[in-house]
Amino acid sequence: MGLNESYPSMNLDKHLNELGRAQAAAWKTMCQTYGYFVFGFERFEPLFKGNQNPAEIKDFQYAYADNIMGTDKYGPQAPTLITSCAEDGSFMSVTPAADMRKLVQRYRDLGTKVTYVPAKCDDTELITNTYRWTTDLFGMQTIDWIDAKLKKGASPAAAFTRDSHTTSDASRHWSPRPAHGASRPSATRRCSTSCVSSSALTSIFLEFRVPA
């Protein structure tokens with residue numbers, strides 16, 4: 001649903017069945033947090049016509065391709081913080097840990113100042129240290145970095161990403177999407193804090209405007 005807002009030619013409603021459209025309508029009326037805990041482990045296929053997997057729907061592919069992080073010839077120009085589950089051993093994992101580490105290295109190779117703070121969110125941590133697991137899930141392990149940056153002022157962007165599987169490069173993520181095939185506007189629209197939901201297990205992308 002988040003992608004469809006920027007890529008209306010995906011025609012999400014056309015692909016959803018009656019149940020899917022009803023859930024989509026409900027999502028649009030609430031903060032994603034409520035739906036997260038209700039629909040967090042629901043499969044996508046029963047919501048789509050013909051029991052389709054949305055990862056394989058042809059009309060969606062160009063939006064997915066346009067939102068693969070780290071594929072541009074440039075990286076974020078501001079200091080960037082990336083956090084994600086350190087390992088894949090968690091039911092909360094969305095992005096493979098190895099993919100996130102590759103992104104970190106890719107941005108560093110492009111000259112971005114990247115701080116990588118992996119989260120302790122594996123299932124063993126949930127059982128043995130529930131407090132740590134919960135606070136890491138909400139990004140508390142990043143507070144020292146954010147606090148240090150915000151003390152310097154409140155302008156241009158560093159990025160905070162957690163388990164993002166449908167987000168584009170931090171330097172251009174909130175650019176308005178032109179009609180398919182048209183050139184992208186040079187101005188970038190940014191949100192001070194934003195929450196992007198692709199559906200069930202959600203992607204979260206927060207931006208903080210801090211100086212270099």
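I looked up Asn-11 and found it partly exposed, with a relative accessible area of 38% (buried is under 20%, exposed over 50%, partly exposed in between, with a 1.4 Å probe and protein chains only). Asn-11 is not a glycine, yet has a positive phi of about 50°. I placed Asn-11 in the loop between helix H1 (2-6) and helix H2 (12-15); helices are DSSP runs of H or I, at least four residues, numbered from the N terminus.

Notes on the source: this is a predicted model, where local features need pLDDT of at least 70 and side-chain atom pairs count only at pLDDT 80 or more, while totals for chains, interfaces and linings use all residues. Residues are numbered from 1 along each chain as its sequence is written, and side-chain values use heavy atoms, with hydrogens and water left out.

I then checked Asn-51, which has a positive phi near 55°. Asn-51 sits in the loop between helix H4 (32-39) and helix H5 (61-66), and is exposed, with a relative accessible area of 52%.

Next I went to helix H3 (residues 18-27), where Gly-20, Gln-23, Ala-24 and Trp-27 are buried. The buried residues of H3 fall within an arc of 100° seen down its axis, so they line one face of the helix; the arc is taken from the directions from the helix axis to the C-beta atoms. At the start of H3, I found a side-chain oxygen of Asn-17 within 3.1 Å of the backbone nitrogen of Leu-19.

Last, I looked at the largest nonpolar core, which has twelve residues, including Leu-3, Met-10, Ala-24, Phe-48 and Tyr-62 (a set of buried Ala, Val, Leu, Ile, Met, Phe, Trp, Tyr and Cys residues joined through side-chain atoms within 4.5 Å). Another core, of seven residues, lies apart from it, with Met-100 and Val-114 among them.

Methods. Helix = DSSP H or I, 4+ residues; strand = E, 2+ residues; numbered from the N terminus. Polar contact = N/O pair within 3.5 Å; in protein donor to acceptor, adjacent residues only side chain to side chain.
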